[in-house]
Amino acid sequence: MLSRLLKEHQAKQNERKELQERRRREAISAATSLTEALVDHLNVGVAQAYVNQRKLDHEVKILQVQASQFSKQTAQWISMVEGFNQALKEIGDVENWARSIEMDMRTITTALEYVHKGPLQSASS
C-alpha cells in the first residue's frame, strides 16, 4: 500500500512537472510572439520615420534652392527699381532744367521785345 501511494505520488508529481513544463514552453512561445509583434510594430514606425526624414531632407534641399533663387531674383528686382528711381530723378532734373531754360528764354524774349519796341513806344501807346 505504501509503495502504491509512493507510485501515485510520483506519478502526480511527474504530471505536474510535465504540465508545468508545457505551460513554461507556452509562456515562452507567447512571450516570443509578443516580442516579435512589438519589434515588428516598432520597426514599421521606425521605417516610416526614416522615410519621412528622407522626404523632409529632400524638401529642405528644394526649399534652399528656391530660397537662393528668390534671393537672386529679389536682388535683381531691387537693382531694377533703383535704376528706375534714378531714371525718374534724372527726368525730374531734366524737367527742372527745361523750366529754368524756359524762364530764361521768356526773360530774354521780354527784354528783346522791350528793346525792339523801345521805351518811347510803350509809353506813348
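**Reading a predicted chain**

Modeller: The protein chain has one helix and zero strands; helices (H or I, at least four residues) and strands (E, at least two) are DSSP runs, numbered from the N terminus. The radius of gyration of the protein chain is 52 Å, well over the 14 Å that the globule rule gives for 125 residues, so the chain is more spread out than a compact globule. That radius is taken over C-alpha atoms, and the globule rule is 2.2 Å times the number of residues to the power 0.38. This is a predicted model, in which local features need pLDDT of at least 70 and side-chain atom pairs count only at pLDDT 80 or more, while totals for chains, interfaces and linings use all residues. Residues are numbered from 1 along each chain as its sequence is written, and side-chain values use heavy atoms, with hydrogens and water left out.

Colleague: What box do the C-alpha atoms of the protein chain fill along the principal axes?

Modeller: The box is roughly 175 × 25 × 10 Å. A pair of residues illustrates the extent: leucine 2 and glutamine 73, 71 residues apart in sequence, are 104 Å apart in space, C-alpha to C-alpha. Leucine 2 lies in helix α1 and is exposed, with a relative accessible area of 70%.

Colleague: How is burial to be read, and what percentage of the 125 residues is buried?

Modeller: Buried means under 20% relative accessible area, exposed over 50%, and partly exposed in between (1.4 Å probe, protein chains only). Here buried residues make up 1% of the 125 residues. The protein chain exposes about 11,800 Å², of which carbon and sulfur atoms supply 61%; accessible areas come from the Shrake-Rupley method with a 1.4 Å probe, and for residues only the protein chains shown count as cover.

Colleague: How many salt bridges does a search of the whole structure find?

Modeller: A salt bridge is a side-chain nitrogen of Lys or Arg within 4 Å of a carboxyl oxygen of Asp or Glu. The search finds four. One of them joins glutamate 95 and arginine 99, at 2.5 Å from N to O. Another links glutamate 102 with arginine 106, at 2.6 Å from N to O. Arginine 4 also pairs with glutamate 8, their closest N and O atoms being 4.0 Å apart.

Colleague: Why are arginine 4 and glutamate 8 separated by about one helical turn?

Modeller: They are separated by about one helical turn because they are four residues apart in helix α1. The spacing of four residues in helix α1 also places glutamate 95 and arginine 99 about one helical turn apart. Glutamate 95 is partly exposed at 40%, as is arginine 99 at 44%.

Colleague: Which residues make a nonpolar surface patch?

Modeller: Patches are made of residues with over 30% relative accessible area and no salt bridge; like charges are joined within 9 Å, nonpolar side chains (Val, Leu, Ile, Met, Phe, Trp, Tyr) within 5 Å. In this model, Val94, Trp97, Ile101, Met105, Ile108 and Leu112 make a nonpolar patch of about 630 Å². Isoleucine 101 is placed in helix α1, residues 2-124, and is partly exposed, with a relative accessible area of 34%.
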